[in-house]
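Have the viewer open as you read.

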Amino acid sequence: MSGIRIIGLGKALPSRIVTNDDLSRVVETSDEWIRTRTGIRERRIARENLPKPLRTEHGPEDDMENPETCTALAAGAARQALQDAGADPADIGLVIAATMSPDSFSPSVACSVQEALGLPSGIPAFDVNAACSGFVYAMTVADAVMREMHIACALVIGADAVTSLIDFTDRGTCVLFGDGAGAAVVKMDEDSSFAGVLGASGKRSALSIPVGGHMLMDGRDVFRFAVTVVPKILAELEQKTGISCRDIDQIVCHQANDRIIEHIRRKLELPGEKFFRNLQHYGNTCAASIPVALTEMKEQGLLGPGTRIFCAGFGAGLAWGGLYLEW
Ligand code: UT7
């Protein structure tokens with residue numbers, strides 16, 4: 001058996017912490033409503049995207065020397081992942097960035113990171129858009145491309161500055177999201193098992209962002225979708241790997257809403273400690289949510305030799321996917 005193994009992880013988040021109370025100065029909402037419906041307490045918002053009432057003149061948000069764009073966050077996370085892996089930029093043979101909120105349609109975030117980090121010229125680099133399932137898609141695509149092209153080491157990024165696409169007068173969406181990026185250095189390993197499962201249903205457009213427009217979401221429909229699809233993803237992973245959720249060390253769900261995770265946990269009758277959560281600090285960071293969670297799990301000593309993890313992503317498309325990862 002062989003498959004990709006993560007050998008380094010990194011994250012980058014905007015410096016500005018926006019609490020629920022801060023947002024109650026922007027729209028009619030409250031800390032109590034947001035916390036009880038979602039579990040979110042605060043999120044990070046890129047200084048470029050801060051809504052007017054939260055901007056301060058000549059404050060740190062005017063610091064254009066240090067942008068917090070999607071590309072800048074992606075590059076920051078990638079740099080940290082390389083360092084964590086002890087890898088040299090010259091080792092990287094492939095870059096895939098998952099995003100739905102790039103700074104430009106072209107060049108891709110992946111090509112911009114290739115340039116910013118001085119990665120080798122001539123290697124394949126491209127973005128994938130599978131919204132909040134983006135990192136799961138990108139990892140599965142990386143495994144396939146690395147096999148096909150005999151690539152030893154790759155950089156896989158999940159990055160979204162999605163608050164640039166949020167309408168800060170819409171309280172139904174603006175309280176849920178935050179910006180950020182996470183990255184993984186992966187290597188093809190003969191002794192590692194990896195599994196990816198992917199799916200999509202273009203029929204259901206419960207969450208959309210038209211070009212030049214803002215995010216539109218039917219929250220209740222997305223909620224129903226999420227609590228139905230994640231148990232299916234996990235069952236597929238169990239079947240593919242022969243490992244049951246009970247024996248897996250941690251389940252990393254897309255960090256959208258604590259109520260969604262709790263619903264799934266109860267349905268599967270699994271203990272709370274099995275589900276890593278950091279959404280209380282970052283809200284929903286779309287493609288960044290799973291790699292940022294993995295990075296923080298490593299920081300907290302939850303990932304060691306032999307650790308086995310299931311990840312489950314879901315979101316706009318509608319699209320979904322799962323990963324089996326071994327340490
Ligand atoms: O990556 C996937 C991303 N999407 C998601 O994860 C969304 C999944 N869905 C959800 O998490 C939930 O559906 C929400 C948290 C978005 C909403 O919770 P809900 O229990 O489904 O509330 P609702 O949309 O049915 O709204 C209930 C009430 C409404 O007022 P009325 O009509 O009952 O008077 C809303 O106008 O809550 C109101 N409301 C708010 N009130 C205070 C909606 N947003 C807010 C808000 N603050 N931010």
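Start with His150, which sits in the loop between α5 (134-149) and β6. Keep in mind that this is a predicted model. His150 isn't a glycine, yet its phi is positive, at about 55 degrees. That stands out because most residues other than glycine have a negative phi. Is His150 buried or exposed? With 73% relative accessibility, His150 counts as exposed.

Cys286 is another non-glycine residue with a positive phi, near 55 degrees. You'll find Cys286 in the loop between α9 and α10. Its relative accessible area is 1%, so Cys286 is buried.

## Thr285 in the α9-α10 loop

The loop between α9 and α10 (289-299) also holds Thr285. Thr285 has 4% relative accessibility and therefore counts as buried. What does Thr285 touch, leaving aside residues up to four places away in sequence? The list is Asp160, Gly178, Asp179 and Gly180.

## Two cis peptide bonds

Ser106 and Pro107 are joined by a cis bond, with omega at about 0 degrees. Pro107 belongs to the loop between β4 and α4.

Gly317 and Leu318 are also linked in cis, and omega there is about -10 degrees. Leu318 is in the loop between β12 and β13 (319-326).

## Helix α4 and its partner α3

Now for α4, which covers residues 109-116. Its buried residues are Val109, Ala110, Ser112, Val113 and Gln114. What do they pack against? They meet α3 (70-85), β4 (95-98), β5 (125-128) and β6 (153-160). After α4 comes Gly118, with a positive phi near 65 degrees.

On the α3 side, the contact uses Cys70, Thr71, Ala74, Ala75, Ala78 and Arg79, while α4 brings Val109, Ser112, Val113 and Ala116. Sort the residues of this contact of α3 with α4 by class and you get seven nonpolar, two polar and one charged.

## Helix α8 against α7

The other pair is α7 (residues 219-241) and α8 (residues 258-268), packed at an angle of about 45 degrees with axes 10 Å apart. That angle makes α7 oblique to α8. The crossing of α7 and α8 is right-handed. From α7, the residues in contact are Phe223, Ala226, Val227, Thr228, Val230, Pro231 and Leu234; from α8, they are Arg259, Ile260, His263, Ile264, Lys267 and Leu268. By class, the contact of α7 with α8 has nine nonpolar, two polar and two charged residues.

Which residues of α8 are buried? They are Ile260, Ile261, Ile264 and Arg265. Look down the axis of α8 and these buried residues fall within an arc of 135 degrees, so they line one face of the helix. As for partners, the buried residues of α8 pack against α7, β11 (250-253), α9 (279-282) and β12 (308-315).

How values were computed. Residues numbered from 1 in each chain as written. Predicted model: local features only at pLDDT ≥ 70, side-chain atom pairs only at ≥ 80, totals over all residues. Heavy atoms only, no water. Axes fitted to C-alpha atoms, helices over the stretch in contact; angles between N-to-C directions. Helix = DSSP H or I, 4+ residues; strand = E, 2+ residues; numbered from the N terminus. Parallel < 35°, antiparallel > 145°, perpendicular 65-115°, else oblique. Left-handed = near helix turned anticlockwise from the far one by under 90°. Contact = heavy atoms within 4.5 Å. Nonpolar A, V, L, I, M, F, W, Y, C, P; charged D, E, K, R; others polar. Buried < 20%, exposed > 50% of the residue type's maximum accessible area, 1.4 Å probe, protein only. Arc of directions from axis to C-beta.
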